[in-house]
Amino acid sequence: MLATARSEVDRVLGDEAPRFEHLSGLGYLDQVLKESLRLWPTAPAFGVSPRADGTVLGGRYEVNRDDELLVVVPGLHRDPAVWGADAETFDPDRFTFERAEALPPNAWKPFGNGQRSCIGRGFALQEATLFLAMLLQRFDITAADPTTSSRSSRR
Ligand code: HEM
């Protein structure tokens with residue numbers, strides 16, 4: 001995974017500073033970010049309320065307009081019915097174009113829900129992709145012991 005991300009950066013950026021035009025070539029980095037937001041969504045919950053009194057959820061739970069239900073996003077993002085038995089595994093290939101298209105509409109919600117959802121979503125992903133590209137271009141990243149700190153430069 002790291003090797004794939006790094007070779008994408010080397011191919012698309014080389015030694016250049018990242019620019020908007022590079023984004024379309026950094027599809028694997030986009031997948032890495034989406035998979036990161038699946039397993040560890042920054043905003044871990046959002047609330048919803050039913051439009052009508054007496055709404056029954058899943059054939060079991062009757063809820064009313066003044067009930068607020070909390071959707072816990074890390075739980076939603078690990079639903080084995082959508083993500084499979086290996087839902088806990090970090091796998092950016094879950095977000096290839098074809099597989100992302102096939103996901104149910106509400107399976108991935110790191111940017112919130114409905115009219116209060118994130119207005120900066122597009123910008124956030126662009127910015128993060130360019131940042132990650134620059135990070136991989138300039139540093140060797142390893143799964144280090146979190147109790148120690150070490151850095152090394154690639155170039
Ligand atoms: C990875 C980065 C980001 C994540 C995961 C994220 C996530 C979210 C979430 C979950 C909400 C909904 C909060 C709620 O339910 O009340 C939200 C709202 C919002 N976000 Fe983001 N956000 C990100 C980056 C950004 C950026 C870069 C901007 C601005 C440039 C931005 C602007 C906003 C605004 C203005 C709202 C409020 C929208 C509204 O209530 O009408 N976000 N974001």
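Colleague: Of the contacts in the protein chain with a separation of 6 or more, what share comes from residues 24 or more positions apart?

Modeller: Those residues account for 58%. Contact here means heavy atoms within 4.5 Å.

Colleague: What kind of model is this, and how are residues numbered?

Modeller: This is a predicted model: local features need pLDDT of at least 70, side-chain atom pairs count only at pLDDT 80 or more, and totals for chains, interfaces and linings use all residues. Residues are numbered from 1 along each chain as its sequence is written, and side-chain values use heavy atoms, with hydrogens and water left out.

Colleague: How many helices and strands are there?

Modeller: The protein chain has six helices and four strands. Helices (H or I, at least four residues) and strands (E, at least two) are DSSP runs, numbered from the N terminus. Their order from the N terminus is α-α-β-β-β-β-α-α-α-α.

Colleague: Why is the chain called more spread out than a compact globule?

Modeller: Its radius of gyration is 19 Å, well over the 15 Å that the globule rule gives for 155 residues, so the protein chain is more spread out than a compact globule. The radius is taken over C-alpha atoms, and the rule is 2.2 Å times the number of residues to the power 0.38. The C-alpha trace spans about 60 × 35 × 30 Å along its principal axes.

Colleague: And how much of the chain is buried?

Modeller: Buried residues are 28% of the 155. Buried means under 20% relative accessible area, exposed over 50%, partly exposed in between (1.4 Å probe, protein chains only).

Colleague: Where does C118 lie?

Modeller: In the loop between α5 (97-101) and α6 (121-138). Helix α6 also holds G122. G122 is partly exposed, at 42% relative accessibility.

Colleague: Last one: where is G27?

Modeller: G27 is in helix α2 (residues 27-39). G27 counts as partly exposed, at 34% relative accessibility. The C-alpha atoms of G27 and L70 are 32 Å apart.
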